[in-house]
Every structure is written in structure tokens, then in C-alpha cells.
Amino acid sequence: MIRKIRLILVILLVSLNVASQTRSDKLLNNLHDKNSKYIFVIAHRGDWRNAPENSIQCIENAIEMGVDMVEIDIQPTKDRNFICMHEETLERTSTGVGAIKNYTTEELKKLVLRSGNGIKTRRQIPTLEEVLKVCKNRILVNIDKGEKYIKEILPIIKKCDMEKQVIIKGYYPVEKVKKEYGSNESMLYMPIVNLWDKEAVATIQTFIKNFTPIAYELCFKDDANPNLKIIDEIAKSGSRIWMNTLWDSLCGGHDDENALLESKDKHWGWMLKHKATMIQTDRPQELIHYLEEKGLRDLE
């Protein structure tokens, strides 16, 4: 009788733990599970087609549609804070003019963002801290250009308790990554590797021997590039494969627009056949639907 009661209590505790997990907890469980078949969808600059890029609104939109991770860009301000914006200048995406580094955070907050077609909106320029607070326990974050400012942004990431939910990416060699980041347990890091570079394979093999990144972002102009064979080694090492479908020169022509124009199986399917388990896209909603039809979006 006592054994039965204990068993029931254990089952109840397990059930309560599963029920209390946030979506980001489930995403992280799959992210670190080598056997997971879940395919992560990353929204490039958020849902920029329907809201200003790098804005709170575009992140909220991405969360609503079920995106797993948003890619954001950061720029330093005059008072050494960080805002989310792609370029170092303000003109394209806001009502401001000139270099961001010449403005304080307070001055930047007086400006508003522009939509993708240049129309003035009522959306403020968000700081990195504001974005992380919106994302916490809801969606994972990939910070582009974060590598350059890691020592300055790490306190902000820690303040928001987001160390395990943020991926930093860049081109640093493994020695510098270990020096700046410590172990692969302390921060999620992803090398960006251009497979057309002569040292691409050697760079990856050095990482495999010395540091297990959460993933490798592989860029390739030609899908016949022989260096794509390194994917098997990466998969065996325990890291994920991240591919971009943003434009043709990053993915050998297997980009979003070709997928929608010609065939999703021909292009997004090509990514899956080549073991991509993280796909950064400008068409997140369509990609999610495609992957759901393939049974590749089960978080449980």
C-alpha cells in the first residue's frame, strides 16, 4: 500500500513538473537533445513583414505564430547602452538621422521606427534589455553582432536571467571563444562558417576537438560545395546544423522565395535532407506550416 502511494506521488510530481514547464523550457530540452527530431524556426529580425524589424511588436508577432527563436541585431549608444537595430545608422529603419553611437538612449527613445516600406509608425526603438524581458520564458533569442560586445552585453543578459535562452554567434576562432565565453556550458555560442572559405573545414574540426557549440551556422553559395560533407561530422559531434533561407547566396539557391515559388520540398526539403535542424527564415509562418505537415514540430 505504501509503495502504491509513493508511486502515485511520484507520478503527480512528474505531471506537475511537466505542466509547469514554459515553452522555452521545452524548446531548450529539445535544443540540447541530440536525438530530438524537432526543427527550430528562427525569425530573421522578427516578423518584419508585418511590423518594424527588431521591434517589440515584431517579436510579439513571432511568438504568436509559434516561432522558436528571434534573431535580433544590436548597436551601442553614446551612453554605452544597446538598442536593437541592424545598421549603425538610423535613417533606414527610424525617423532619426546619423550614427546611433552619437545618441543617448533617452534621445533615441524620442524617435520612432519605420515599417519595412519606410512608413513612420508609433513603435519606439527598443533596448536590448527591453527585448530580453519580452522574450524571457516565451521565445529563444539569437543576438547577431553580439560577439563583438560580449563583455558589455553579458551583464544585461544575466540581469534578465537569459543566459540559457540566448545564442551568440560570430567568427571568432575557438581559442578566443574559450577565452571570452569560458566553457560551452556557460553561454550558448554558434560559429558562423562560410563554406566557400579555404579554412572552413579546418575551423569546424578545430571546434569539434576543443569546444562543442550549440550549432554551426553554415553559409554556402553553391549546393554542390564539397565542404557540405562536413555536416556528418558536425552531427556526430553533438552540435546542430543551422541554415539560412534568407537569400540565395547564403544557401545555394534554396531560399524562401524559391521555396514558395517553385517547391517547398525542393528547397526547404533540401535543408532537411542535409540535416538542418535550425532554419532562419524570412517566411516563418509558411515554414512552420510546412514542418508541421512533416510532423517535425512536436515539442513534447
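This is a predicted model: local features need pLDDT of at least 70, side-chain atom pairs count only at pLDDT 80 or more; totals for chains, interfaces and linings use all residues.
**Whole protein.** Show the cartoon. The protein contains 12 helices and nine strands. For 300 residues, a compact globule would have a radius of gyration near 19 Å, and the 20 Å of the protein agrees with that.

**Contacts.** Pick residues at least 6 apart in sequence that touch each other. Of such contacts, 63% join residues at least 24 apart.

**Surface.** Below the surface, buried residues make up 51% of the 300 residues; buried here means under 20% relative accessible area.

**Charges.** Colour the positive and negative charges. There are 45 positive and 44 negative ones, and their mean positions lie 4 Å apart.

**Helix H8.** Select residues 200-210, which form helix H8. Which residues of H8 are buried? They are Ala200, Ile204 and Phe207. These three cover an arc of only 60 degrees around the axis, so they sit on the same side of H8. An α-helix has 3.6 residues a turn, so residues three or four places apart point the same way.

**Around H8.** What do the buried residues of H8 pack against? Two of the elements are helices, H7 (174-181) and H9 (230-237). The others are strand S6 (188-194) and strand S7 (215-219).

How values were computed:
Residues are numbered from 1 along each chain as its sequence is written. Side-chain values use heavy atoms; hydrogens and water are left out. Helices (H or I, at least four residues) and strands (E, at least two) are DSSP runs, numbered from the N terminus. The radius of gyration is taken over C-alpha atoms; the globule rule is 2.2 Å times the number of residues to the power 0.38. Buried means under 20% relative accessible area, exposed over 50%, partly exposed in between (1.4 Å probe, protein chains only). Contact means heavy atoms within 4.5 Å. Lys and Arg count as positive and Asp and Glu as negative; His and the chain ends are not counted. The place of a charge is taken as NZ of Lys, CZ of Arg, CG of Asp or CD of Glu. The arc is that of the directions from the helix axis to the C-beta atoms.
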